[in-house]
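Hello,

Here is the structure I promised to pass on. Please open it alongside this note; what I found follows below.

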Amino acid sequence: MRESGIREVERMEDSIMRIFTICMLAALSLAFALFALADEPKVPPDGLKMQNMPNSKQPIIFNHSTHSKGECITCHHPVDGKADFRPCGAAGCHDVFDRKDKTTKSYYNMMHGKDLAHPTCISCHTKIAADDAEKKKRLTACRNAVCHTGGGGAS
Ligand code: HEC
Ligand code: HEC
């Protein structure tokens, strides 16, 4: 009888330990989740003037509100396994400002390239416009499209 009483207590201690471990793990993963959330910056307000090709005369205005369908990492793709919110042309990133450069360092290629691993402004807009000629003109043309408007709004 005493023998089984001790075993009973041992079993109870066992389950208490197990519950304690589960709670600790839950608390830990919650802490990690909150940390990941805190890591994501606020979405900037519309009218963001993009860093430009130094020889480009027209500023490009980017609005996050019109691009809120996708996830941040669609554009702020991971660098070293983490979403990166630095400007596209930050030093060490897409910081080659030669239009003819076709490497992944090329700023121009990063905005206009058509078959890169990540969607670019033009590759995504081309997909969205599909066969809609009017949309194509609005979203993918070099002139009079929504991109190079000199900051004067969509034309
Ligand atoms: C469709 C592409 C796209 C998506 C999706 C996107 N962004 Fe951006 N974001 C940009 C571009 C382009 C810039 C300007 C980069 C530059 O200036 O070179 C930018 C800039 C930023 C900046 C820097 C602002 C500054 O003033 O320096 C922050 C912060 C940011 N985005 C947060 C977010 C967050 C958070 C999300 C997701 C909720 C998100 N973005 C989704 C394209 C995108
Ligand atoms: C993953 C897809 C995607 C990417 C990448 C993307 N866009 Fe767009 N963009 C859209 C969609 C969707 C719309 C809305 C199309 C419509 O009006 O029917 C849009 C609309 C726009 C407009 C017109 C609306 C406005 O806010 O003035 C501009 C300007 C624009 N994009 C600029 C850019 C620039 C600059 C980049 C690259 C830095 C970019 N986009 C990258 C999907 C994308």
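This is a predicted model: local features need pLDDT of at least 70, side-chain atom pairs count only at pLDDT 80 or more; totals for chains, interfaces and linings use all residues.

The ligand has 18 residues around it, and N63, T66, C121, C124 and V146 come nearest. Two elements give two or more residues each to this shell: helix 2 (72-75) and helix 4 (121-129). Helix 4 provides the largest share, with 4 residues. By type, the shell around ligand 2 holds 12 nonpolar and 6 polar residues, and no charged ones.

Now ligand 1. Its surroundings count 19 residues, of which H67, C72, C75, P87 and C88 are the closest. Here helix 2 gives the largest share, 3 residues. The shell around ligand 1 splits into 11 nonpolar, 7 polar and 1 charged.

How do the axes of helix 4 and helix 5 cross? Helix 5 spans residues 133-140, and the two axes come within 8 Å, crossing at roughly 165 degrees. Angles over 145 degrees count as roughly antiparallel, so helix 4 is roughly antiparallel to helix 5. The crossing of the two helices is right-handed.

Which residues make the contact? From helix 4 they are I122, H125, T126, I128 and A129. From helix 5 they are K135, K136, L139 and T140. This contact between helix 4 and helix 5 is made up of 4 nonpolar, 3 polar and 2 charged residues.

Best wishes

Notes. Residues are numbered from 1 along each chain as its sequence is written. Chains are lettered from A and ligands numbered from 1 in the order in which they are written. A residue is near a molecule or strand if its C-beta atom, placed from the backbone, lies within 6 Å of it. Ala, Val, Leu, Ile, Met, Phe, Trp, Tyr, Cys and Pro count as nonpolar, Asp, Glu, Lys and Arg as charged, and the others, Gly among them, as polar. Axes are lines fitted to C-alpha atoms, for helices over the stretch in contact, and angles run from 0 to 180 degrees between N-to-C directions. Angles under 35 degrees count as roughly parallel, over 145 as roughly antiparallel, 65 to 115 as roughly perpendicular and the rest as oblique. A crossing is left-handed if the near helix is turned anticlockwise from the far one by less than a right angle, and right-handed if clockwise. Two residues are in contact if their C-beta atoms, placed from the backbone, lie within 7 Å.
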